[in-house]
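Okay, hi everyone, thanks for letting me go today. Let me put the sequence and the structure up, and then I'll walk you through a few spots.

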Amino acid sequence: MLAFLGGTGPEGRGLAIRLALAGEEVVIGSRDAARASTAAEELLLLAPGARITGAANADAAAQADTIFLTFPYEGQRPTLETLGEALDGKIVVNVIAPMEFQRGRGAIALPVDAGSAAEESQLLLPGALVAAAFQNASAEELQEPGLIMEGDVVICSDHKAAKDRVMELTPKIPNLRPVDGGALANAKYVEQITPLLVNINRIYKIHAGIKIVGV
Ligand SMILES: NC(=O)c1ccc[n+]([C@@H]2O[C@H](COP(=O)([O-])OP(=O)(O)OC[C@H]3O[C@@H](n4cnc5c(N)ncnc54)[C@H](OP(=O)(O)O)[C@@H]3O)[C@@H](O)[C@H]2O)c1
């Protein structure tokens, strides 16, 4: 089962519905169990018959073998410190791109002492198998299940089992291609593309993605 912590937001909802439509069983997580249930019911309206439930973040994480982190960067340390050993041995997919908006500059990447949100999450969860992925996938496009997306998902991890799992899940979203991005230390480069894409989106009024050529 796949859990989406902070899955009440657009990115978690989008990934959850796409993967639920592909046959995966998903649980939406939230700091508030009722909010999670409401989000699950709303997604079921778009995907009748899919296996989608809602639960508090800790319960969602306990049910799943693969846990997506789909909340803002500021929530990472408090959330993961609370969950702690509950994630030991599980695959954790970090979707977080730390960024903020500055007046006159647009989106900018936030510095992270560990190098990236993904590396920080591995330090906070030494017993988990962390992979970084989907940081460049547009929530708006993910939330439109009828839309064929275009782009690559760069997957970085120091754990083969985690990388293999995300490489296998990614093409369940039609036309998204997984690209092996090597070690988790490379996640910083992927995370920092996201504010660039956000700024390009504003200029061109689009939902930009990335594509690696030559692979
Ligand atoms: N939006 C995009 O297009 C996009 C694209 C690629 C990557 N991402 C990344 O995906 C993540 C989620 O993006 P989003 O746009 O869905 O974010 P969001 O709407 O700001 O937040 C998602 C959910 O996270 C929970 N949350 C908010 N603040 C929190 C905190 N301090 N601690 C714990 N949980 C908190 C909330 O759920 P509850 O209140 O129900 O707990 C919220 O509904 C972000 O890290 C972002 O960088 C987003």
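Predicted model: local features only at pLDDT ≥ 70, side-chain atom pairs only at ≥ 80, totals over all residues.

Residues are numbered from 1 along each chain as its sequence is written, and side-chain values use heavy atoms, with hydrogens and water left out.

Let's start with Asn57. You'll find Asn57 in helix H3, residues 57-63. Asn57 counts as buried because its relative accessibility is 10%. For the cut-offs, buried means under 20% relative accessible area, exposed means over 50%, and partly exposed is in between, using a 1.4 Å probe and protein chains only.

Next, the aromatic rings. How many aromatic pairs does the structure hold? It holds two. Rings of Phe, Tyr and Trp (its six-membered ring) pair if their centres lie within 6.5 Å; planes under 30 degrees apart count as stacked, over 60 as edge-to-face, and the rest as tilted. Phe4 and Phe68 are a stacked pair, at 4.5 Å centre to centre with 20° between the planes. That pair links distant parts of the chain, since Phe4 sits in strand S1 (residues 2-5) and Phe68 in strand S4 (residues 66-69), 64 residues apart. Both Phe4 and Phe68 are buried. Phe68 also pairs with Phe134, and this one is tilted: 6.2 Å centre to centre, 45° between the planes. Again distant parts of the chain are linked, with Phe134 in the loop between strand S8 (129-132) and helix H6 (139-142), 66 residues from Phe68 in S4. Phe134 has 2% relative accessibility, so Phe134 counts as buried too. Put together, Phe4, Phe68 and Phe134 form one aromatic cluster.

Now some helix packing. Axes here are lines fitted to C-alpha atoms, for helices over the stretch in contact, and angles run from 0 to 180 degrees between N-to-C directions. Helix H1 (residues 10-21) packs with helix H2 (residues 33-46) at an angle of about 45°, their axes 11 Å apart. H1 and H2 are therefore oblique to each other. Under 35 degrees would count as roughly parallel, over 145 as roughly antiparallel, 65 to 115 as roughly perpendicular, and the rest are oblique. On the H1 side the contact is made by Arg13, Ala16 and Ile17, and on the H2 side by Ala39, Glu42, Leu43 and Leu46.

The other helix pair is H4 and H5, which pack at an angle of about 25° with their axes 10 Å apart. That makes H4 roughly parallel to H5. Here Gln76, Arg77, Leu80 and Glu81 in H4 meet Ala117, Glu120, Ser121 and Leu124 in H5.

Why is H5 described as largely enclosed by the rest of the structure? Because seven of the eight residues of H5 (residues 117-124) are buried. Those are Ala117, Ala118, Glu119, Glu120, Ser121, Gln122 and Leu124. They pack against S4, helix H4 (76-83), strand S5 (91-94), S8 and H8.

Leu184 brings us back to that helix. Leu184 lies in the loop between strand S10 (176-180) and helix H8 (187-204), and it is buried, with a relative accessible area of 2%. Leaving aside neighbours within four places in sequence, its contacts include Ala118, Glu119 and Gln122.

Last stop, the backbone. Most residues other than glycine have a negative phi. Asn175, in the loop between helix H7 (160-169) and S10, has a positive one, near 75°. Asn175 counts as partly exposed because its relative accessibility is 48%. Lys205 also has a positive phi, near 55°, and its place is in the segment after H8. With a relative accessible area of 71%, Lys205 is exposed.

That's my tour, thanks!

Technical notes: Helix = DSSP H or I, 4+ residues; strand = E, 2+ residues; numbered from the N terminus. Contact = heavy atoms within 4.5 Å.
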